[in-house]
Amino acid sequence: MLSNRYNLQKLMTFYIKVMVITITLFAVIMSIFKIRDIFQDTNQTIESGVNRTSYIVGVEQLAANQLARNLIQTPSKVKNLQKFFQLDSADYLAYSQQHSNENDFYYLPNQLSEFMQNNDSNKITLNLNQENKAIEVTLKTLVGK
């Protein structure tokens, strides 16, 4: 009877060890799969954020390119841009009032203000190729500085 008890005790000990090892292995395997899923979700989120940011930057760049093309589309528009650089704000306003009846004339501060408001921009820096100075235009300083 003693040997039966001893065998039963060994069997129970073996059974407990097998159960602990099985449960531990199952938990480790499930943890590995869960960690892998978390990394995949993180990578997908990062990739999605990068793609969205690239798209937004691309759209904003297209809008900026369109503004730049519009500013220099015709010789009179180039002249207007040059006057914006050369004249102070009062003289540029007088110049723009004199030329406001032309077909392709635009008042540059209004054009830039509209662009900044439509594109959530807070600053535009303009410079001409032949000039070494640049003008920064913000919504507060539409005439530039």
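**Exercise 1.** Identify the residues that make the nonpolar surface patch of about 980 Å² in this predicted model.

*Solution.* Take the criteria as the starting point: patch residues have over 30% relative accessible area and no salt bridge, and nonpolar side chains (Val, Leu, Ile, Met, Phe, Trp, Tyr) are joined within 5 Å. Areas come from the Shrake-Rupley method with a 1.4 Å probe. The patch is then made by Leu8, Leu11, Met12, Phe14, Tyr15, Ile16, Val18, Met19, Val20 and Ile23.

Residues are numbered from 1 along each chain as its sequence is written. As the model is predicted, local features need pLDDT of at least 70 and side-chain atom pairs count only at pLDDT 80 or more, while totals for chains, interfaces and linings use all residues; side-chain values use heavy atoms, without hydrogens and water.

**Exercise 2.** Determine how the buried and exposed residues of helix H3 (residues 89-98) are arranged.

*Solution.* Buried means under 20% relative accessible area, exposed over 50%, and partly exposed in between (1.4 Å probe, protein chains only). In H3, Tyr92, Tyr95 and Ser96 are buried. Seen down the axis, these residues fall within an arc of 95° and so line one face of the helix. Ala90, Gln97 and Gln98 are exposed on the other side. The cover over the buried residues includes helix H2 (75-86) and helix H4 (108-118).

**Exercise 3.** Find the salt bridge (Lys or Arg side-chain nitrogen within 4 Å of an Asp or Glu carboxyl oxygen).

*Solution.* Arg36 pairs with Asp37, with the closest N and O atoms 3.8 Å apart. Arg36 is partly exposed at 44% relative accessible area, and Asp37 is partly exposed at 32%.

Technical notes. Helices (H or I, at least four residues) and strands (E, at least two) are DSSP runs, numbered from the N terminus. The arc is that of the directions from the helix axis to the C-beta atoms. Contact means heavy atoms within 4.5 Å. Patches are made of residues with over 30% relative accessible area and no salt bridge: like charges are joined within 9 Å, nonpolar side chains (Val, Leu, Ile, Met, Phe, Trp, Tyr) within 5 Å.
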